[in-house]
Amino acid sequence: MPELVDCLREWKKDKASRKELFKQVAGIPGVYVPSLYQVEYQDGLVKSIAPTAAEAKPVIQRRIIAKLPPPVTRPVVPYIEIIHDRGAVEIQRGCARGCRFCQAGIIYRPLRLRPQEEVIETVGELIANCGYNEVSLVSLSTSDYPKIEELVKGLVQNYPNLNLSLPSLRIDSFSVRLMDALPGRKSGLTFAPEAGSQRLRQFINKSTSEDEIVETTAAALARGWKSLKLYFMLGLPTETTEDVEDIVRLVDKIRAVGKGGVPRVRVSLSTFIPKPHTPFQWVAQESEAELNAKHELLKRGLRRKGGQVSWQEPKVSQLEAVLSRGDRRLGKVIYGAWKLGSTFDAWDECFDYEKWLRAFNESGLEADFYARRERSLDEHLPWAHIDVGVSADFLKQEYQRAMEGKETPDCRTQACNACGLERLIADCRQKLGAS
Ligand code: SF4
C-alpha cells in the first residue's frame with residue numbers, strides 16, 4: 001500500500017495520463033493491472049495470458065508480510081445497530097489444516113500469529129476507543145492459536161466485563177472447555193463437520209471422526225449448552241446419496257446424546273463451489289437438478305428427525321460457481337445483468353435468475369461452461385498468472401491424493417508438505433528471528 005500511495009502521489013505531481021499510472025503501478029511487485037494483459041482463446045478455452053507492457057510481469061506474485069501489521073484500534077463505529085456489532089482483533093492469519101475445498105486455507109498461507117500481549121493491549125484500546133463490550137478473536141481456525149486458553153484467561157482477567165466471541169472452533173473437547181471458560185450466557189455453539197460420512201470428510205481432508213463429533217457435542221450438552229449449529233456442504237466431489245443420508249444419521253445421533261432433553265440442532269447447508277487456487281479448482285459443480293434432489297432428501301430426513309434446516313438456493317450457488325472460476329469474458333455478462341436491473345443479488349427478494357440467463361444469452365456465453373465443466377489438469381486456467389505462493393503442482397498432488405482417499409497432515413505438527421511456500425516461510429522466520 002505505501003508503495004502504491006507513493007506512486008499515486010508522484011503521478012498526481014507529474015500530471016501524467018491514467019495509462020502511465022497503470023504502467024507505473026504494474027511495476028510494483030504484487031500489483032495486477034488486468035488491462036495490461038492480453039488473453040488469447042482457443043476452442044473457447046484460455047490459450048495464453050501475456051503482458052502487453054514492459055512493466056507488467058508475466059506472473060504476479062502475492063506479497064507476504066512476515067509480521068502481521070498493527071491491528072486496527074480506531075475503527076469507524078456505526079451509529080445504528082449492525083450485524084456483528086463488536087470489536088474484532090485478528091489473532092492469527094492463515095491456516096495450516098489444508099481442507100481441500102477451502103480457498104482461504106491456501107491463499108492466506110503461511111500461518112502468522114499476533115503475540116498474546118499485543119492482542120490483550122489491542123482489546124483494551126478497542127474498548128477505550130469504541131466503547132465495545134464484546135470483542136471477537138478473529139482467525140480462520142481460532143482453536144489452533146497456541147496457548148489460546150492462556151490468552152482467553154488473560155483477557156477475562158484484564159477486562160472482566162467483556163464478552164468474548166471465538167469464531168471458527170475445531171470440533172473437539174478442547175473447544176468446549178474453551179467456550180466454557182468464557183464469561184456470560186451460554187449461547188449457541190457452532191461446528192462445521194462439512195460432510196456426513198467419514199469417507200467424504202477424509203476426501204476433503206477435514207477428517208474429524210464421527211466419535212469425536214458425537215463426544216464433543218455430548219460434552220457441550222453436558223456443560224449446559226442447549227442449542228447447536230452445524231454446517232454441512234452439499235455437492236462435494238464424489239458425494240453419493242449415502243453420504244447425504246449420513247448427514248441425517250449424524251444429526252440424529254447428536255440429538256440422541258442430550259441427557260437432559262433433546263438439544264435444538266440447526267443445520268446450515270451450503271453448496272460446494274469449486275474455487276481457484278484450491279485442489280478442487282478443476283472439478284465440476286453438480287447440476288441444479290442433482291442439488292435439488294439432495295436438498296429434498298436432506299430436508300425431509302432432517303425435519304422428520306426434528307432438526308431445523310436452512311440452505312442456499314442451488315441457482316444462487318450455480319451463479320457463484322460461474323463467477324468463482326470465471327474469466328474476463330464474464331465482464332460482459334455482469335455488465336449485461338446489471339443493465340437488466342440486477343443489483344443486490346445477495347438479497348433473495350432482489351435475486352432474479354432470469355436476468356442473468358438473459359445476460360448470458362446476449363453475451364453468447366453459457367453458465368454451465370464455467371460452473372459444470374470439469375477442467376483437465378493441464379488446462380491453462382484464467383488465474384494461472386496469479387501466483388499465491390502455493391504451487392500448482394502441490395494443488396494437483398492434493399487433488400490426486402483426495403481421489404486416492406489419502407489425507408494430508410497439518411504441517412505444524414508433521415513434516416513439511418512442500419506446498420511451495422517453504423522458501424518464503426524460511427525468509428519470514430529469518431526476518432522475525434522465530435523458529
Ligand atoms: S480449518 Fe479448513 S476450512 Fe477452516 S480455514 Fe483451515 S483449511 Fe479452511
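This is a predicted model: local features need pLDDT of at least 70, side-chain atom pairs count only at pLDDT 80 or more; totals for chains, interfaces and linings use all residues.
User: Where is Gln 92 found?
Analyst: Gln 92 belongs to strand S5, residues 92-93; strands (E, at least two residues) and helices (H or I, at least four) are DSSP runs numbered from the N terminus. Residues are numbered from 1 along each chain as its sequence is written, and side-chain values use heavy atoms, without hydrogens and water.

User: Why is Gln 92 called buried?
Analyst: Its relative accessible area is 2%. Buried means under 20%, exposed over 50% and partly exposed in between (1.4 Å probe, protein chains only), so Gln 92 counts as buried.

User: Why is Lys 15 called exposed?
Analyst: Lys 15 has 74% relative accessibility, so the term exposed applies. Lys 15 sits in the loop between helix H1 (2-14) and helix H2 (18-26), with a positive phi near 55 degrees.

User: What makes Phe 344 exposed?
Analyst: Phe 344 has a relative accessible area of 58% and is therefore exposed. Phe 344 lies in the loop between H12 and helix H13 (353-363), and its phi is positive, about 50 degrees, although Phe 344 is not a glycine.

User: What joins Arg 109 and Pro 110?
Analyst: A cis peptide bond, with omega about 0 degrees, joins Arg 109 and Pro 110. Pro 110 is in the loop between helix H3 (104-107) and strand S6 (112-113).
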